[in-house]
Amino acid sequence: MKLIYDGECSFCTRLAHSLQNRSIQPIEILSYHSLSEEVLKKIHPQLTRDKCKGEVQIIQDGNRFPGFFGVRVLLWNVRIVRYFVWILYLPLIPFLGMSVMFLLKKFKKSLG
């Protein structure tokens with residue numbers, strides 16, 4: 001599993017490393033700032049710097065999961081939290097989750 005995120009955001013970096021420390025299986029954490037367009041395309045054909053700039057990207061088993069949907073997939077791999085992730089699949093929760101992700105993206109500089 002690969003987590004591609006904004007490595008220049010201190011809030012994002014702390015959160016990514018916290019998830020990595022609590023993960024059951026290894027998570028490769030990559031900052032999109034250190035990756036060229038060519039490298040991103042090798043990781044997954046749909047990846048671009050613009051997509052990575054817009055939201056976190058999770059690559060698992062050749063599939064790309066952006067934003068809230070990526071976080072939802074990632075949390076299945078995190079100790080203790082994995083027992084509650086099913087809640088994120090309930091009706092209307094994705095709309096709430098996408099809204100939270102939008103707000104986090106908008107205010108991440110003030111969170112860091």
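Mentor: Start with serine 31. Setting aside neighbours within four places in sequence, serine 31 is in contact with Tyr5, Asp6 and Gly7. Keep in mind that this is a predicted model. Serine 31 sits in strand β2, which covers residues 28-31. The side chain of serine 31 reaches the backbone nitrogen of glycine 7, at 3.2 Å.

Now the rings. A search of the whole structure gives 2 aromatic pairs. One of them joins phenylalanine 68 and phenylalanine 69: the ring centres are 5.4 Å apart and the planes stand at 75 degrees, so this pair is edge-to-face. The cut-off behind that label is an angle over 60 degrees. Burial separates the two residues. Phenylalanine 68 has 7% relative accessibility and counts as buried. Phenylalanine 69, at 29%, counts as partly exposed.

Tryptophan 76 and tyrosine 89 also form an aromatic pair. Their centres are 6.0 Å apart, with 40 degrees between the planes, and the pair is tilted. Where do these residues lie? Tryptophan 76 and tyrosine 89 are both in the loop between α4 (67-75) and α5 (93-111), so the pair ties together parts that are 13 residues apart in sequence. Tryptophan 76 is partly exposed, with a relative accessible area of 36%. Tyrosine 89 is partly exposed too, with a value of 40%. Tyrosine 89 has a further partner. Arginine 72 lies over the face of tyrosine 89, at 3.9 Å from the ring centre.

Last, the cysteines. How many disulfides are there? The count comes to 0. A disulfide is a covalent bond between the sulfur atoms of two cysteines. Cysteine 52 is in none, and the nearest cysteine sulfur, that of cysteine 12, is 13 Å away. The cut-off for a disulfide is 2.5 Å between the sulfur atoms. Cysteine 52 is buried, with a relative accessible area of 3%. Cysteine 12 counts as buried as well, at 19% relative accessibility. The limit for buried is under 20%.

Definitions and conventions:
Residues are numbered from 1 along each chain as its sequence is written. This is a predicted model: local features need pLDDT of at least 70, side-chain atom pairs count only at pLDDT 80 or more; totals for chains, interfaces and linings use all residues. Side-chain values use heavy atoms; hydrogens and water are left out. Rings of Phe, Tyr and Trp (its six-membered ring) pair if their centres lie within 6.5 Å; planes under 30 degrees apart count as stacked, over 60 as edge-to-face and the rest as tilted. Buried means under 20% relative accessible area, exposed over 50%, partly exposed in between (1.4 Å probe, protein chains only). Helices (H or I, at least four residues) and strands (E, at least two) are DSSP runs, numbered from the N terminus. A charge sits over a ring if NZ of Lys or CZ of Arg is within 6 Å of the ring centre and within 35 degrees of the ring normal. A polar contact is a pair of N or O atoms within 3.5 Å; within protein, one must be able to donate a hydrogen and the other to accept it, and residues adjacent in sequence count only if both atoms are side-chain atoms. Contact means heavy atoms within 4.5 Å.
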